[in-house]
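Thanks for coming. I will go through one structure today, helix by helix and then chain by chain. Please have the sequence open beside the view.

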Amino acid sequence: MSGRDRPAQLLRNLPAKLAALPMILTALVVFIGCSLWTVVHSFTKSRLLPKLDFVGLDQYDRLWSTPRWLVSIENLAIYGICALILSLVLGFVLAALLDQKIRFEDGFRTIILYPYALSFIVTGLVWQWILNPDFGIQNIVRGLGFESFVFDPLHNPDQVLFALLIAGLWQGTGLVTVILLAGLRGIDEDIWKAARVDGIPAWKTYLRVVIPMMRPVFATCLVLVSAGIVKLYDLVVALTNGGPGIASETPAKYVYDSMFNKQNLGQGFAASTMMLLTVLIIIVPWAMFEFRGKRRD
Amino acid sequence: MIDAPFPRTLSGPAGSRPRTRIAPKRLMIYAALLIVSVYYLLPLWVMVMTSLKGMPEIRMGNIFAPPVEITFEPWVKAWSSACTGLNCDGLSRGFWNSVMIVVPSVVISIAVASVNGYALVNWKFRGSEVFFTILLFGAFIPYQVMIYPLVIILRELGLMGSVWGLVLVHTIFGMPIITLLFRNYFASLPEELFKAARVDGAGFWGIFLRVLVPMSLPIFTVAVILQITGIWNDFLFGVIYTKPDTYPMTVQLNNIVNSVQGVKEYNVNMAATLLTGLVPLSIYLISGKLFVRGIAAGAVKG
Amino acid sequence: MTHSTMRRLLAGAAMFCTPMMAHATDLEITHWWTSGGEAAAVKELAREFEAKTGHTWVDGAIAGSGDVARPVIVSRILGGDPMAATQLNHGQQARELIEAGLLLDLTDIAEKGKWREIVKPASLLDACTVDGRVYCAPLNIHSPQWMWTSPAAFEAAGATPATNWEELKAAAPKLREAGKVPLALGMQGWQQSYLVSGLIIAKGGKDAFYKAYRDADADLLSGEMITQVFGELAIARDLSKGGNVQDWNLATAKIINGEAGAQVMGDWAQGEFAVAGKVAGSDYNCFIGMGGDPVISTGGDAFYFPVNKDAAITEAQKELAKVILSPEAQVAFNLKKGSLPVRGDVDLAAANDCMKKGLETLAAGNVIDSTEQLISPDATGQINDLMSEFFGSDMAPADAQARFAEILTGDK
């Protein structure tokens, strides 16, 4: 949309390039540089300190034969898909509700958003209590007369991801809501007016017109939420510490524990290389699609 | 739904109530929001109630029940006398350190990222999309992996152990998401605005500062929320890249909450958490106004 | 801030009082002793240090066991701007830092202070020694081989109080009937791992312990004895059902409150009993090991001193090393911490019954190395993971045994 179409604009673009210098340096030096550094060290037997003692694919052999890693990936996949869908859907519905020129919008928005202000350490601690069978929800419901009520996700390997989801959504949906609300506020009033004149029902306008227009904003949320999911660590440590057993371990926790608890940097780097690779496999096609799509206008 | 604010036909059941302006649809909206609010408020309720109870009461009782005897002692203790190692001056010790870290980090990271987003949308140059893609990729790198390489980078820059090193780290890690945020927001603004400003002879900075920034309040608000929360709550980078003299508040919070004490003082933990969360929380409260002003700006643009 | 100014003033005052010091220096010291008893112990050490040398102890406590502090410590050392001293468990942790020349050589101090003669058992100093040079100052001895019991729980269940693992198993049905958890066990791998080493010692004594952890003896690891150990672990898994706690101190609380029969945990559990005002021998009982001859392992904490360019700091670092080994600091620190001193020649008259048991065992030479000294942190972590998995599922003992053997042999 800028001077790209006109050929002799190199000089005019100079301020833009200078302004983008921090981004370029960060991208090249930090993200590319550190990733390569990580990949290289994943082929070494670095323990406490990063060292270049190459051992080939040993770290990867070990990684893929470790039950804990396999469980971690599975957990991340299940949690990730659920969390992604739920937080986007819930976030959008809430944003749309808040956008109805309602009273106390500030109040509701703050209520939905405030958990984001609290650290995961505490999110975990509080939900640990609320979900605790002896004095949390189970206890309360039983107290109401439902003696056989059972709700103990923290100590049930089959339900523990559910507990993570409850706490994770509690903490994170608010931000998605606010970003989507900001997006909704960027939608031109005229579009709503036109839709109203044509007699199109509001839900249809959302689905057919507004959501497609908000694609970039959804992309922001998608990246934000999925980056959070991939890096899921603190919440698990605080809520379940990977338990019961290894039922709620995640890849990021595997990386941290390998590097700093087991002091096996090489193993941690191998695990993070696998994580980076997965992200790459998803991001590169997306970027190609996204940017090729942009050239349409 | 959208025409609900101006209900013209409100007959029938409203009966004798004077000037009722609430349609059933609206009621459903409020009902839905109220139910959601319960889910969001429940933990806060538990935290606040717990922080106002004494330890014996916590041990006995129901976590949802309000305190029988209200005590503010946990709050006082969390702020001014909880011990972290040898220093028994609670969270107060790190408060100003946190402010000193957060203010420059937030300002610099948002300034850099908003300019990035602007350049990416309106001043594309060769390869700009590639750099952006790399940046997005960076959003997914687990922080833990970056600790040692960043130590080496900071050491070479001579910034290891200083607050400015930490500011740099926060700017780097905030960059992917915040850049994305601004890029996508600017992309959704009508292109005509930019073109008109170009025609008027405004340059790179002129367009950014005079045209785009004033109409980007909602997104600046979101960026500030994200960065203040992220940086204020950061513990790992704060503790690694600075020294005890400049440790942020979260280091004390961690020490209070994570200490394996003889008796875990849940009330002090909760008070400490709420105290630490007060700064981001109050930013959220203030930001409400900016959101509304954002609409006003948005309404003008058409 | 005002606090540190005050500290400096105090330090200044101390400087005038102590003629030996020419110049006062600030030493930043990192550690993860933040619980009540631990912090009290550090306070003793800091006071001793400031009073004796006139330097200032700048405290850099980071809570959350070593896992949080370790990246901080290593980063600061790698970043060329290290703290002046740092706690690390001695064992294989610091070896790489030593080999990279990043830690201060304390050999001259050790020789002048005759550490070789005073440090008991000598293995503690060996753990600090690389190629004949001494790189750390051992501070205390901690041993995980303890079983804590609640007489009240046994009494309420009408069972005979257990003094070892077999008796606990025998009393378990009665405890269950009375609504008590027979074995209080935090659901974290490292806590469960103590049961493994404890049971190996109980079944096979010192020899089996060394064969398993030091030699990774394949015959032993796949043999009948270890099969028995894992069979007992499966029983422990049943005995601990219904405990639903994560933290070790919450498990200890169950002993204190008489809700559980026994807990296998290190000597630091004493701090919890002390805080709760309980008396050893009546309110709770302590036994070394889970049966068989009592032995305790001699792991513990030590201070390391990263190399510093500032000569004044180097000087002060050495003074701190001296203070750590001084009889006064040893007594003051360890009484508060509940750990044993590293020198055999100090008087611990104030020690309680449990500590005395430990001291006697130590004096009798019934000691073993700690597992941290015998296997890498990597293997330790893998065993912990295995234990979490075992205790959190219905994994067959034979499978767990096979993986246990694989981890230990893979570490050599």
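Look at helix α12(B), where B:M249, B:T250, B:V251, B:Q252, B:L253, B:N254, B:N255, B:I256, B:V257 and B:N258 are buried. The helix runs over residues 249-258 of chain B, and 10 of its 10 residues are buried. Note that the buried residues include B:Q252, B:N254, B:N255 and B:N258 as well as B:V251 and B:L253. Keep in mind throughout that this is a predicted model.

Next, the chain that holds this helix. Chain B has 302 residues, and 52% of them count as buried. What secondary structure does chain B have? The count is 13 helices and 0 strands. Read along the sequence, then, the pattern of chain B is simply α-α-α-α-α-α-α-α-α-α-α-α-α. If you take the contacts in chain B between residues at least 6 apart in sequence, 71% of them join residues at least 24 apart.

Chain A has 14 helices and 0 strands. Of its 297 residues, 48% count as buried. For contacts in chain A between residues at least 6 apart in sequence, the share that joins residues at least 24 apart is 69%. The C-alpha trace of chain A spans about 70 × 60 × 25 Å along its principal axes.

Now to how chains A and B meet. The contact takes 83 residues from chain B and 84 residues from chain A. On the chain B side, the elements that give two or more residues are α1 (24-51), α4 (92-122), α5 (128-138), α6 (143-157), α7 (163-188), α9 (204-212), α10 (217-233) and α13 (266-301). Which of these gives the largest share? That is α1(B), with 13 residues. By class, the side of chain B that touches chain A has 58 nonpolar, 21 polar and 4 charged residues.

One helix pair across this contact is worth a look in detail. Helix α8 of chain A, residues 160-185, packs with α10(B) at an angle of about 165°, and their axes are 9 Å apart. The two helices are therefore roughly antiparallel to each other. The crossing of α8(A) past α10(B) is left-handed. Which residues meet here? From α8(A) they are A:L175, A:V178, A:I179, A:A182 and A:R185, and from α10(B) they are B:P218, B:I219, B:V222, B:I225 and B:L226. The residues of this contact divide into 9 nonpolar, no polar and 1 charged.

α6(B) and helix α3 of chain C, residues 65-78, pack at an angle of about 25°, with axes 9 Å apart. That angle makes α6(B) roughly parallel to α3(C). α6(B) passes α3(C) in a right-handed crossing. On the chain B side the contact is made by B:I147, B:Y148 and B:V151, and on the chain C side by C:P71, C:S75 and C:L78. The classes come to 5 nonpolar, 1 polar and no charged.

That leaves chain A with chain C. This contact takes 20 residues from chain A and 21 residues from chain C. On the chain A side, α4 (67-98) and α13 (251-261) each supply at least two residues. α13(A) gives the most, with 3 residues. The side of chain A that touches chain C divides into 8 nonpolar, 8 polar and 4 charged residues.

Finally, confidence. The model scores ipTM 0.85 and pTM 0.88. Chain C averages a pLDDT of 88, and 93% of its residues score at least 70. Where in chain C is confidence lowest, and where is it highest? Helix α1(C), residues 2-17, is lowest at a mean of 46, whereas α12(C), residues 224-239, is highest at 96. Over residues 9-21 of chain C, pLDDT stays under 50, and for that stretch the model has 15 contacts beyond four places in sequence. I am happy to take questions.

Conventions:
Residues are numbered from 1 along each chain as its sequence is written. Chains are lettered from A and ligands numbered from 1 in the order in which they are written. This is a predicted model: local features need pLDDT of at least 70, side-chain atom pairs count only at pLDDT 80 or more; totals for chains, interfaces and linings use all residues. pLDDT is the predictor's confidence in each residue, from 0 to 100. Helices (H or I, at least four residues) and strands (E, at least two) are DSSP runs, numbered from the N terminus. Two residues are in contact if their C-beta atoms, placed from the backbone, lie within 7 Å. Ala, Val, Leu, Ile, Met, Phe, Trp, Tyr, Cys and Pro count as nonpolar, Asp, Glu, Lys and Arg as charged, and the others, Gly among them, as polar. Axes are lines fitted to C-alpha atoms, for helices over the stretch in contact, and angles run from 0 to 180 degrees between N-to-C directions. Angles under 35 degrees count as roughly parallel, over 145 as roughly antiparallel, 65 to 115 as roughly perpendicular and the rest as oblique. A crossing is left-handed if the near helix is turned anticlockwise from the far one by less than a right angle, and right-handed if clockwise. A residue is buried if 20 or more other C-beta atoms lie within 10 Å of its own, exposed if 12 or fewer, and partly exposed in between; C-beta atoms are placed from the backbone.
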